[in-house]
Amino acid sequence: QQAASMSWFFNKQPPERTIGELHAACQAGEGLACFKIGHGSNIPSEQALFFQKACSLNFAPGCYNLSVCFGRGHGVPKDKVKQRELLQRACAADNAAACSNLADMMFNGEGGEKKVAQAVQLFRKACADKHPQACYNLALLVGQGEGVPKDPQLEADLMYEACQMDMQKACVHLQMILARKRAIEREERAKMEAESKQQ
């Protein structure tokens with residue numbers, strides 16, 4: 001089981017407000033503004049502080065980035081329980097990255113009870129929301145029959161989906177799956193030919 005990536009969620013749009021305007025908006029209760037201040041800071045404790053403010057204002061990406069802080073011990077003490085709680089909050093607001101990371105923590109029993117069935121459901125949800133890591137992790141589970149019935153075709157389909165979203169390791173894994181499938185087909189053909197010659 002591969003660990004989900006712990007990368008920042010950020011807004012790729014260029015800043016349209018000054019830092020002073022963002023601070024004023026954050027003080028006025030705008031979660032996005034607090035989030036942008038945190039993302040623009042180079043000070044870990046300040047990043048965590050403003051992601052906390054964004055999260056408290058129900059801005060899901062703020063909760064997600066704060067979970068990353070707690071997972072890494074970045075600006076706050078490392079705390080897997082808090083990380084999982086924040087991921088639950090962000091996932092409930094349909095943040096696909098949060099659902100994928102939460103699924104990974106649940107599957108591995110990090111920060112709380114191990115919940116394989118719920119983890120599989122969350123990987124499915126995040127994959128449906130086009131999160132490549134979730135599709136990749138779900139493909140691994142399906143391929144190994146962990147928490148779900150083993151299904152080679154579904155494994156290939158999920159790896160293909162992750163590969164289509166530019167996840168290089170999924171593309172590599174897909175080639176391995178297809179090579180394995182071709183090898184099995186060759187063995188089956190050879191077996192059938194050998195049996196027909198014996199008749």
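Hi everyone, let's start with a meeting of two helices: G31, C34, F35, I37, G38 and H39 in α2 touch Q47, F50, F51, K53 and A54 in α3, where contact means heavy atoms within 4.5 Å. By class, this contact has six nonpolar, four polar and one charged residues. Here Ala, Val, Leu, Ile, Met, Phe, Trp, Tyr, Cys and Pro count as nonpolar, Asp, Glu, Lys and Arg as charged, and the others, Gly among them, as polar.

A word on where this comes from. This is a predicted model, in which local features need pLDDT of at least 70 and side-chain atom pairs count only at pLDDT 80 or more, while totals for chains, interfaces and linings use all residues. Residues are numbered from 1 along each chain as its sequence is written, and side-chain values use heavy atoms, leaving out hydrogens and water.

So how do α2 and α3 pack? Helix α2 covers residues 31-40 and helix α3 residues 44-56, with an angle of about 165 degrees and axes 8 Å apart. That makes α2 roughly antiparallel to α3, a term for angles over 145 degrees. Their crossing is left-handed.

Now the second pair. The axes of helix α9 (residues 152-164) and helix α10 (residues 168-198) come within 8 Å and cross at roughly 150 degrees. That makes α9 roughly antiparallel to α10. The crossing of α9 and α10 is left-handed.

Which residues meet here? Among them are M159 and Y160 in α9, and L174 and I177 in α10. By class, the contact of α9 with α10 has nine nonpolar, two polar and three charged residues.

Note on methods. Axes fitted to C-alpha atoms, helices over the stretch in contact; angles between N-to-C directions. Helix = DSSP H or I, 4+ residues; strand = E, 2+ residues; numbered from the N terminus. Parallel < 35°, antiparallel > 145°, perpendicular 65-115°, else oblique. Left-handed = near helix turned anticlockwise from the far one by under 90°.
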